[in-house]
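I opened my notebook to write down what I looked up in this structure. The entries follow in the order in which I made them.

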Amino acid sequence: MSRLVAALDLRPDETPDLAPHNLEAEQALLGAILFDANALDELGGLQALHFHEPFHARLFEAIRTIAATGLRPEAIALWERFKLDPAMLELGGLRYLADLVDRAPPAITAPTYASVILDTSLRRDLIRLAEETAFAARREPLAALDQLARVEGSLTELARSGDTAKATPIGLDALETIEAARRGEFAGAPVGLQTIERVTGGIRQADVWFIGGRTSIGKSVAGLCLGRGIAENGRGVMMFSLEMPRQEVQARLIADLAYDPEARYDAAYGGNISYGELLKGRGRPDVWDKARSAARRLAELPFVVTDAGGLTIDDIRSRALRQMRAWEKAGVSRGAVLIDHIGLVRPVRRTDSKAADTADTVNELKDVAKQIGVPIIALVQVNRQTENRTDKRPTLADLNWSGAIEQIADLVCLLYRDSYYLERSAADGDWDRAQEVKHELDLLIAKNRSGPICNLKAFVDVASNVIRDLPDAGVLR
């Protein structure tokens, strides 16, 4: 294109640039901030890269740099900086800068011009992404779903770069916020366990909850019970089962839904069936009738499972977003994303450190929850340090990647069962004691943005994938 429509003579070029742009808006914005540098404070996330004309981008960056030092960005100072720039000379030199100031609109209009510039920049990026997508669809051997995941990730980044929303003054809508809270509009969604709901108020949009414990302590039991509780309240739950196959997840949920608190599991005489027996096809006919009824109930719940391995956090984001959109079209509210477990999420950028790779994934979870618009429940391993202590109850520091988790978590619930350790003890009487406490579960709330740090009690039947409230459940300390 010829130099900027004859340097402010705004006649169309004979060979126009087909990429979306608005040079008049760029010139008007530059003039407004040259006339009044305070207008820079009202431009939100506008950056030099959003300008279509390269010289305008350099000029905008120079104005911001000068203003950041506390000096006024004047035309003379800019001329000294750019007098050897070929584009500056082609446009008319100092006269071009003077014309920008002379024709400057009121500074109050600067945000409007910034919005126009940002909009055209996003349009150019969308066109570029569409062209790259079309090329990849024709030429690249990558699977279509993987290409789609990459595109959705790029679109998310574009949306994030284009968000210029300003922070709301803290007192602007305080009364309205308080009244909404009194009406219960900020209450979290039920999770099926009043023991946890009592100290959290339920799970809220964009929350990130971590459920931690040693191997076989009951993390998957807890995660599935929370997911089932959310789904039973009509909210869609998507589980990424990175360790268990889908069939085992289904068997666990069926055993949970079929559970009768009045019946005691007994392989020979019926009662409650374990998910292990369900997978092996064992049990009396009456127990199988309960399992079939539970399977029909499960089929009616908005609960989906993917057991694909090797997923990155970007894969999880794009797949969950597609599922949540599909549910919204079907009239189903967004519920939660369940990840079992976070240590098996494949890093996007692999390094030589597993701890650093997983910490990067953990740090992404809050952004993912906000982008999808649902809470995330992530299961996480407790390291082996607890095995070397007399008191084996885990603490926040015992979590793998505890630093990253502590920083972003809205809730950290650590699981502990005395029976887990008593069953593994060779001491006299420990096995009998394990049977006495086999249904006791401690829920150690190590972090809670919405309530107290405390220890809770619940009923557990690991074999049937069941956690239930106790009639007198309360805070231990």
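**Entry 1: the largest pocket**

I sorted the lining of the largest pocket by residue type and got eleven nonpolar, eleven polar and ten charged residues. For this count, Ala, Val, Leu, Ile, Met, Phe, Trp, Tyr, Cys and Pro are nonpolar, Asp, Glu, Lys and Arg are charged, and the others, Gly among them, are polar. I note here that this is a predicted model, in which local features need pLDDT of at least 70 and side-chain atom pairs count only at pLDDT 80 or more, while totals for chains, interfaces and linings use all residues. Residues are numbered from 1 along each chain as its sequence is written, and side-chain values use heavy atoms, with hydrogens and water left out.

Rolling a probe the size of a water molecule over the atoms shows where empty space is left. A pocket is an open set of points on a 1 Å grid over the protein atoms alone, where a 1.4 Å probe fits, with protein on both sides within 12 Å along at least five of seven lines; lining residues have an atom within 4 Å of a point. The volume is the space filled by probe spheres set on the points, which are joined across faces, edges and corners. I read off about 640 Å³ for the largest pocket. Its lining has 32 residues, and those nearest the centre are Ser-216, Tyr-275, Arg-417, Val-462 and Ala-463. Two or more lining residues come from each of α11 (219–232), α18 (418–422) and β8 (454–461). The most come from α11, which gives three.

**Entry 2: the chain as a whole**

I found 19 helices and nine strands in the chain. Helices (H or I, at least four residues) and strands (E, at least two) are DSSP runs numbered from the N terminus. Of the 477 residues, 47% are buried. Buried means under 20% relative accessible area, exposed means over 50%, and partly exposed lies in between (1.4 Å probe, protein chains only). I also looked at contacts, meaning heavy atoms within 4.5 Å. Among contacts with a separation of 6 or more, 67% join residues 24 or more positions apart.

How far does helix α12 reach from its first C-alpha to its last? I read 17 Å for its twelve residues, 246–257, close to the expected 16 Å. The expected span is 1.5 Å times one less than the number of residues. The buried residues of α12 include Val-249, Ala-251, Leu-253 and Ile-254. Among the elements that cover them are α11, β2 (235–241), α14 (285–300) and β9 (466–468).

I counted eleven of the 13 residues of α2 as buried. Glu-26, Gln-27 and Gly-31 are among them.

**Entry 3: salt bridges**

Side chains of opposite charge can pair when their charged atoms come close. I counted 23 salt bridges, each a side-chain nitrogen of Lys or Arg within 4 Å of a carboxyl oxygen of Asp or Glu.

One of them joins Arg-58 and Asp-85, at 3.1 Å from N to O. Arg-58 is in helix α3 (residues 54–68) and Asp-85 in the loop between α4 (75–82) and α5 (86–91), so the bridge ties together parts 27 residues apart in sequence. Arg-58 is partly exposed at 35%, while Asp-85 is buried at 13%.

Arg-297 and Glu-232 form another, with their closest N and O atoms 3.1 Å apart. This pair links helix α14 to helix α11 across 65 residues. Both ends are partly exposed, Arg-297 at 37% and Glu-232 at 38%. I also found these two in a network of salt bridges with Arg-228, Asp-256 and Arg-468.

Glu-248 and Arg-252 pair at 3.2 Å. Both lie in α12, four residues apart, about one turn of the helix. Arg-252 is buried at 8%.

Is Arg-72 buried or exposed? I found Arg-72 in the loop between α3 and α4, exposed at 52%. Leaving aside neighbours within four places in sequence, Arg-72 touches Leu-34, Phe-35 and Ile-66.
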